[in-house]
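Student: I have this one open in the viewer and would like to talk it through with you. Can we begin with the annotated spans and then move on to the side chains?

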Amino acid sequence: MKDIESLLLAYGPLLVFLNVLLEQAGLPIPAYPILIIAGALVVHGDLSWELTLLAAVLACLIADAGWYAGGKRFGAGLLNTVCRVSISRDSCIRQTQALYWRTGPRILLVAKFLPGASALSTVMSGFAGLRWRTFVAYDAAGAAIWAGSALIIGVAFNDMVGDVLDMVAVYGGYGLLAVGVLLVLYLAYRWIRRKRTIRRFSHVRRVTLDELDELCAQGCEVVLLDVRASSADPLPGAISVDPRGVIGTPPFQWPLDTPIIVYCACPEEISAAVLADRLLKAGYRNVSALAGGYDGWVARMQATAARG
């Protein structure tokens, strides 16, 4: 950590810019501690407050502009890709979308304080079609709040920062080892929990898009339930529902032998399988999850359009 202090003294805002840019681009290189150290150096006149803050905000805007453009160009596909690094990919997608649709661009003001939320919220901004000017305004404000808070902490506790750096220099190796062991144990726990969740709902039957087409061609009145956080561009005739809704109350009121197919935009159709399982336990006898979900339907539509 003393080496970081030396590097900051030598390269100043440039080091801050590169560190923040790499972190916001998605690399596991924490920038907040360096910003705190930079704040402590500002007190002693070794760094410029204005240039350091400007470097951090500019780095955030460059990285976030890339995520925004990707979300606008690739939409849910990029969101799915970003969520693949999460152990709970299905909940990652649904929670991210639900949070953004509920708060709108205001989430950008605090997203950088929430682990993993920064890239997801900027991808969602592009996916949701947020205007560029509005995105830049909110993102710049959020970056300034995030970076400015770290600098203020460094200024307020500059003496303590020096003591912490000395302690880390002596015991840092043991601390990193302990953090590494805890991280591995946590990831193992989440991986095991996810595998158990997948097995728990493996009994829910999956129906392919071709099978759905065949049912409709036979004149079967299928109830399609959309459990995505956003109901934009649903499958034809689909009903948007809350997967946590009370079975037996509207709209969950159909004859028990009604063919019901639930779909989501999540890996392994977990969100759809969760609702399907609840319906099966409530007595519905013909409930399935749509294999491939919404993304599979979109992919097929795009392939059809390309051929046409």
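**Spans, a serine and some rings**

Tutor: Gladly, and please keep in mind that this is a predicted model. In residues 29–45 the end C-alpha atoms are 26 Å apart, and the span is 71% helix and 0% strand.

Student: What does the UniProt annotation call that stretch, and which residues does it cover?

Tutor: The unreviewed UniProt entry carries the annotation "transmembrane region", which covers residues 29–45, 51–70, 135–157 and 169–189.

Student: Switching to Ser121: is it buried or exposed?

Tutor: Ser121 has a relative accessibility of 5%, and because buried means under 20%, it counts as buried. This serine belongs to helix α7, which runs over residues 117–127.

Student: What does its side chain reach, and which residues does Ser121 touch?

Tutor: The Ser121 side chain reaches the backbone oxygen of Ser118 at 2.9 Å. Leaving aside residues up to four places away in sequence, Ser121 touches Tyr100, Ile107, Leu108 and Ala111.

Student: OK, aromatics now. How many pairs are there in the whole structure?

Tutor: Searching the whole structure gives 8 aromatic pairs. One of them joins Trp254 and Tyr284, whose ring centres are 6.2 Å apart and whose planes meet at 65°, so this pair is edge-to-face.

Student: Where do those two lie?

Tutor: Trp254 is in the loop between β3 (239–240) and β4 (260–263), while Tyr284 is in the loop between α11 (270–281) and β5 (287–290), so the pair ties together parts that are 30 residues apart in sequence. Trp254 and Tyr284 are both buried.

Student: What about Tyr294 and Trp297, how are their rings arranged?

Tutor: Tyr294 and Trp297 form a tilted pair, at 5.8 Å centre to centre with 45° between the planes. They sit 3 residues apart in helix α12 (residues 293–307), which means that about one helical turn separates them. Tyr294 and Trp297 are also both buried.

Student: Which charged end sits over the ring of Tyr294?

Tutor: That is Arg228, whose charged end lies over the Tyr294 ring at 3.8 Å from its centre. Tyr294 therefore has both this charge over its ring and the tilted pairing with Trp297, within helix α12.

Student: Last one: which residues do ring pairs link into a cluster?

Tutor: Ring pairs link Tyr68, Trp132 and Phe135 into a cluster.

Methods:
Residues are numbered from 1 along each chain as its sequence is written. This is a predicted model: local features need pLDDT of at least 70, side-chain atom pairs count only at pLDDT 80 or more; totals for chains, interfaces and linings use all residues. Side-chain values use heavy atoms; hydrogens and water are left out. UniProt positions are given in the numbering used here, feature names are shortened, and annotations may be inferred rather than shown by experiment. Helices (H or I, at least four residues) and strands (E, at least two) are DSSP runs, numbered from the N terminus. Buried means under 20% relative accessible area, exposed over 50%, partly exposed in between (1.4 Å probe, protein chains only). A polar contact is a pair of N or O atoms within 3.5 Å; within protein, one must be able to donate a hydrogen and the other to accept it, and residues adjacent in sequence count only if both atoms are side-chain atoms. Contact means heavy atoms within 4.5 Å. Rings of Phe, Tyr and Trp (its six-membered ring) pair if their centres lie within 6.5 Å; planes under 30 degrees apart count as stacked, over 60 as edge-to-face and the rest as tilted. A charge sits over a ring if NZ of Lys or CZ of Arg is within 6 Å of the ring centre and within 35 degrees of the ring normal.
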